Amino acid sequence: MDIRTNIPLKQYLTMQIGGTARFVTEVHSAEDVRTIVTNSRKEGVPFYILGGGSNVIAPDGRYNGIVIRNCIMGYEEIAEDKDTVTVKLGAGEVWDDFVKRVTRENLIGVEALSAIPGTCGAAPVQNIGAYGQEISDTLTELEAFDTQTDEIVTLSNDDCKFRYRNSIFRTEEQGRYIILTVTMRLYKGSPMPPFYSVLENHLKEKNITEYTATNIREAVIEIRANRLPNPAEKPNAGSFFKNSMVDKWLVDDLLQKYPDMPHFDMGGRIYKVPTGWLIEQCGLKGKLLHGIRVNPANALVLINESARGYSDLAQAREAISKAVSEKFHIHIEQEPLELA
Ligand SMILES: Cc1cc2nc3c(=O)[nH]c(=O)nc-3n(C[C@H](O)[C@H](O)[C@H](O)COP(=O)(O)OP(=O)(O)OC[C@H]3O[C@@H](n4cnc5c(N)ncnc54)[C@H](O)[C@@H]3O)c2cc1C
């Protein structure tokens, strides 16, 4: 296994912010994972598993451990019945290559998750979601290397405790599992309305009335192209903040003052309030803060236009969070994880 030393991290992170890593390596199999974890532990070197780096930001200094880039490939149809096809994927496979492939085969279940950057192995970590679909709708199980027991375990959908942009992999079990494969059950047939409102409107505008996995994928790609900057041209990590989950009493209170505030009932007296709307109401949409541009098309996305490093990003983040907190008494939460 090739282990490289003192490597700049920016090249692996779509936000293009971060210092260096003491070591970087690639894993291509479960055995590689076992070897690298065992050796790192023996040497007392921490490790961090990285996919496409589209949801990670890194501090400016040196990460004194080993960054493990997941390159475990594989695509296998493992079961089929009259309604479904079940596919098992290597965690290093590019997510959107998988979506493209299955939508072409007229399988449904992930078409609204088109064009999300990153790898299949990272997709369960924050339960990726878009336009009314989440990976938790179709993932049946995954295999992972458990760094507590050094065993390869199978976790069911329930074991992952999926919720809005969250799972055990970024909360109570963060850092414990290295995901090796994901298994997805896809459906034969046509996507069924009602669709997520933005998608529904787009389909209406285009006079699309017969729905296929492919035309839904194309619609989603078109919508995203207008709202999300391409990280290759404008470095970003997608939504920098999660949408806000707010208690009913605070929503009711805020609606007195801001009757147009969008809010969606999530059950259990919790409402989702779009954080992009909150940031926009603070007058920050399109603004440049410490070299970080609040995306003019969608205030949830922060673009690294000219930041000198992580500290600039941290100052921009602080300014935005403070503005929202002072105006709405809502504490907004960062979506990307920190490499540490
Ligand atoms: C332009 C843009 C648009 C985006 N749009 C969306 C969107 O619509 N919806 C959405 O949900 N997300 C979106 N994202 C966020 C991002 O694409 C997803 O979170 C994606 O799943 C991250 O994949 P990755 O391989 O880049 O993960 P990384 O950024 O490399 O890693 C993310 C986290 O997962 C962990 N991880 C990675 N691989 C593994 C593994 N094999 N085992 C265990 N842990 C692992 C890492 O340690 C890290 O904590 C967007 C990002 C960008 C840049």
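## Cysteines

The count of disulfides, defined as pairs of cysteine sulfur atoms within 2.5 Å, comes to zero. Cys120 takes part in no disulfide, and the nearest cysteine sulfur, that of Cys71, lies 13 Å away. Cys120 is buried, with a relative accessible area of 0%; buried means under 20%, exposed over 50%, and partly exposed in between, for a 1.4 Å probe and protein chains only.

## Basis of the report

This is a predicted model, in which local features need pLDDT of at least 70 and side-chain atom pairs count only at pLDDT 80 or more, whereas totals for chains, interfaces and linings use all residues. Residues are numbered from 1 along each chain as its sequence is written, and side-chain values use heavy atoms, leaving out hydrogens and water.

## Salt bridges

The whole structure holds 21 salt bridges, each being a side-chain nitrogen of Lys or Arg within 4 Å of a carboxyl oxygen of Asp or Glu. One of them joins Glu333 and Lys242 at 3.5 Å, N to O. These two residues are 91 residues apart in the chain. Glu333 is partly exposed at 44%, whereas Lys242 is buried at 5%.

Asp312 and Arg308 also form a salt bridge, at 3.0 Å from N to O. Here Asp312 is buried, with 3% relative accessibility, and Arg308 is exposed, with 75%.

## A sheet of three strands

Strands are DSSP runs of E with at least two residues, numbered from the N terminus, and two strands pair if DSSP finds at least two bridges between them. An open sheet has the strand order β15-β17-β16, with antiparallel pairing. Its edge strands, β15 (244-247) and β16 (264-267), each pair on one side only. Four bridges join β15 to β17 (residues 270-273), and Ser244 stands opposite Val273 in β17.
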